[in-house]
Amino acid sequence: MNTKKFLKKMTIEDKAKLLCGTTPNSLGGFESAAGFVPKINMQDGGTGMNFNHLFSHSIIDEEFMRRVGPEAGYKVMFNFYNTDIFTEEEKAVRLELNERLIAHRDGIDAGAGCYPPGILLASTWNPKAVFNIGKALGLEAAIYRVGVLLGTPNCNILREPRNGRFFEGYSEDPFLAKSLAPEMCKGVESMGVSSNVKHFVCNNQEINRQTINELVSIRALREVYFPAFEACSKVASTLMTSYPSVNGRFCTENPWLLNDVLRKEWGFKGITVTDWDAKVHNMGKAVEAGQDLFMPGPRDPKEIIDAVKDGTLKEKNLDAAALRMLELIDKFAAVRKPEGMTSAKYKKFGDKAAYEAAAEGIVMLKNKKHLPLKKNAKVVFFGPEAFADYGEGSAKVTTDRTTILSDELAKTLGAGNVLKDDLEAFRKGATAIVIEKIISGEGADRPDLKLNKKTVSVIKKLAANRGKGKICLILNVPGPVELEGIEELADSIFAVFYPGMMGAKAMADILTGKVNPSGALPCTFPVDYKDTPAYLCYPDSLTCNYGEGIFVGYKGYQKRGIKPLFAFGEGLSYSKFKVSYIVSSDKGNKINVTLGITNQSKMDGKKVVQVYASKRNNPEGREICRLVGFAKPMIKAGCEKEVAISIDKSELKYFDEMYDKFLFDGGNYDLFVSLNGVNELIPAGNIYIESSDEIKCGAGWSLKKISEVKALTDALSKDCEALGLPFVMFMVNLEYVPSMKLSELFKETDKLENFNKAAGEYRPE
């Protein structure tokens, strides 16, 4: 399609209709004055195909539902692989649906994949693992004829751990999130499918999500909440705007967000799509503000048409939005399964990507040297034997490809060595496996971070009857939890979050030593929910104040001197690693940190190496330290490996609201490396950064800042005496207006020779 020529032939009504969706999960597919506009399907699928949506919008039609009846139709749809509960009539319904599915997938006869969500992908600290999951999801979307795969990725910052969708996001740290989330986009788009970045911006809790107004400082937006979206905007074809208002304006109709920042600053060329049923006061004004597509369809295009007629919406801006829509349709509407793809190839590719991500993302938080399990070791399950592989809501996946932990362990240890509720076997030395399973999802936040009471009771009972037994606690949770002291009773603790369909296989391989754990936490686990930085800011009505500012996650814990239960970046291995040397250098726009790491064990292993930077003599408004680089090398047993991490100096900038830009705060910066999170830092040298011109020492400084440097005040006093200026003016204004700039007090600052010389020689610590 020649999209520009096609657009010229379209009427205003055609263009407006193009922006309003056609069905709840598609756009296009209608006749226009220019000809037929092809249809493109959009589908939730960030962790795998959402069958509820798929059946409703692509497989089941009204005729089918009338014929089989809604009771049988919905029962089969919601329990597609749980065939034991079906009557013979319902099995016949399922058979017909399965035949429709196979036809829809162009002959592929295999269940959908279930892949790890953002929190576990971020726990890998491995961009390649994230890319491969994106590629597997893109392949799946192509097979299901989905042109836009929604929620790939969700890169909202993990700010509030009660958030029902916490597991979907990548990290509490903007650097880690922006380093990994774009790889999901690249993977999806490599398969000829549009990735979809959501939710722009600040969809950080579910409470009153469609009406809540979030008050967020511009600095926090720029430093914390924007970076991952900016990075994804360079590679994604679509971006979803979020439900909430930010600083009094819905994201769906905010020209500063959608036009000034997203398009003009970041150069985003794709389309913006509303979250489903997101609030919009007027669609015409929203298009003028930068919103392209309103979902779910079909929407009445009258507001858009009327806005063009009354001048509220410039026709050139409607044309720009319609052209972007046509280009999206032209590129992705004809998506189909790749040539030569078979059911076996499809399953093999997806299983491999899901397994590798889970194997690298599962985090070992404690191990009192009882793992890995020895050959023929016995394990006893107390409670669940299988994981919850996914979260609820749009992340829900229906599949028959799930692995079960007890079954996977039986394959390695032998079926006779995998027991259930056998307290006597535990006393004699078996390892008790306790899975703490907490279900969370879209639509509601968690009431608290508490464990299930039954889990706490089981752990305490086992500890009281320990004998020679060991206790392994596996946290199958959406995010941080309070462990209420039972971490002291467990011999080993793992965080698997929601690990996807191959999570149980990966966990079994870690427990038995086939895989050496290498995941590291992308978020902080508190001792108590009250310790979390956003605790006092949880909304009880229609306003949420992001009062912690930039101090999200570990930055808030450090600033307040609160020790968490498990720190950001923490994650253990069966291997013991040691840093043998560190060399740091500063050249041009880059900082290079090179270190030698020795694997002092008999087991090969990967290790997440983190680099942090800290401004010396830390100012009040700055974090104690921030993540600026990382790597994840494989280090052979008994060997040393040199690891080089290159860091862009721009990672040291902060956003200054007064100047409305990122600036360098001049002075010395200390560098640190860590092999086990932000609370275990190893000094790695320091570098000196020059201040940005706007804030260099001089007449642009405030009276307060000048007063804190004796050499500057002494020099100013000499100048005042030589020029006949009252130095007392400086002292009086310092007391009452300390934020006043010196240039506001003394207009002819070029005559302050002594002060200007001292300012030129000044080097902040």
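User: Why is E303 called partly exposed in this model?

Analyst: The model is a predicted one. E303 has a relative accessibility of 33%. Buried means under 20% and exposed means over 50%, with partly exposed in between. Because 33% falls between these cut-offs, E303 counts as partly exposed.

User: Where does E303 lie, and which residues does it touch?

Analyst: E303 is part of helix α14, residues 302-310. Leaving out residues up to four places away in sequence, E303 touches H281, N282, M283 and G284. One of these, M283, is 20 residues from E303 along the chain, and the C-alpha atoms of the two are separated by 5.8 Å.

User: How do you know that the length of helix α23 agrees with its number of residues?

Analyst: Helix α23 has 14 residues, 710-723. At 1.5 Å a residue, α23 should span 20 Å. The end C-alpha atoms of α23 are 20 Å apart, so the two values agree.

User: Which residues of α23 are buried, and what puts them on the same side?

Analyst: The buried residues of α23 are L712, T713, A715, L716, D719 and C720. They cover an arc of only 160 degrees around the axis, and therefore lie on the same side of α23. On the other side of α23, the residues K710, K718, E721 and A722 are exposed.

User: What covers the buried residues of α23?

Analyst: The cover includes α22 (703-707), α24 (727-736), α25 (742-745) and α26 (753-761). Just after α23 comes G724, with a positive phi of about 70 degrees.

User: Why is helix α20 described as largely enclosed by the rest of the structure?

Analyst: Helix α20 runs over residues 503-511, and eight of its nine residues are buried, so the rest of the structure largely encloses it. The buried ones are G503, A504, A506, M507, A508, D509, I510 and L511. They pack against the helices α16 (343-361) and α17 (405-413), and against the strands β15 (431-437), β16 (470-476) and β17 (492-495). Just after α20, G513 has a positive phi of about 85 degrees.

User: Which residues touch the most other members of the largest nonpolar core?

Analyst: The largest nonpolar core holds 125 residues, and V201, Y225 and L405 touch the most other members. Apart from residues up to four places away in sequence, Y225 touches I157, R159, V201, C202, N204, V216, A220, Y546, E548 and V552. There is also a second, separate core of 42 residues, including L19, I40, V273 and A307.

Methods. Residues numbered from 1 in each chain as written. Predicted model: local features only at pLDDT ≥ 70, side-chain atom pairs only at ≥ 80, totals over all residues. Heavy atoms only, no water. Helix = DSSP H or I, 4+ residues; strand = E, 2+ residues; numbered from the N terminus. Expected span 1.5 Å × (residues − 1). Buried < 20%, exposed > 50% of the residue type's maximum accessible area, 1.4 Å probe, protein only. Arc of directions from axis to C-beta. Contact = heavy atoms within 4.5 Å. Core = buried A, V, L, I, M, F, W, Y, C linked by side-chain atoms within 4.5 Å.
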